[in-house]
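The entries follow the order in which I looked.

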Amino acid sequence: MTNEDLFEEAVILVQNLDKKPTNNELLKLYGLYKQVKIGDNNTEKPDMFNLKGTMKWDYWMKEKGKDREVAMQDYIEYVVDLIKKYNK
């Protein structure tokens, strides 16, 4: 199985956890996912009244410069940790 296959499987698995992850955990997943799918965040930061958009933007920016393969591996490993935490 390739990293790409494992990544796509992790995307599905995280949607089927027994319990919902925290907002910060979901935002971390979002940032890693965007880094894998799009790469570095080169979009304008949402205005301060768009709190959700700003948080998502910030978490994506945390991954800036990270290689796609590394981001993919980080996403997979994070999902494994979440499965251990939330599926008991």
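I took contact to mean heavy atoms within 4.5 Å, and I took helices (H or I, at least four residues) and strands (E, at least two) as DSSP runs, numbered from the N terminus. I noted that this is a predicted model, in which local features need pLDDT of at least 70 and side-chain atom pairs count only at pLDDT 80 or more, while totals for chains, interfaces and linings use all residues. Residues are numbered from 1 along each chain as its sequence is written, and side-chain values use heavy atoms, with hydrogens and water left out.

Entry on packing. I used buried for under 20% relative accessible area, exposed for over 50% and partly exposed for in between (1.4 Å probe, protein chains only). In helix H3 (residues 51–61) I found Gly 53, Thr 54, Trp 57, Tyr 59 and Trp 60 buried, and these buried residues pack against helix H2 (23–37).

Entry on charges. I counted a salt bridge when a side-chain nitrogen of Lys or Arg is within 4 Å of a carboxyl oxygen of Asp or Glu, and the structure holds six. One of them joins Lys 37 and Glu 8 at 3.0 Å, N to O, linking distant parts of the chain, since Lys 37 is in helix H2 and Glu 8 in helix H1 (residues 3–14), 29 residues apart.

I then looked up Lys 45 and Asp 58, whose closest N and O atoms are 3.4 Å apart in a salt bridge. Lys 45 lies in the loop between H2 and H3 and Asp 58 in helix H3, so the pair ties together parts 13 residues apart in sequence.

Last, I noted that Asp 74 and Lys 66 meet at 2.6 Å, N to O, and that Glu 63, Lys 66 and Asp 74 are linked in a network of salt bridges.
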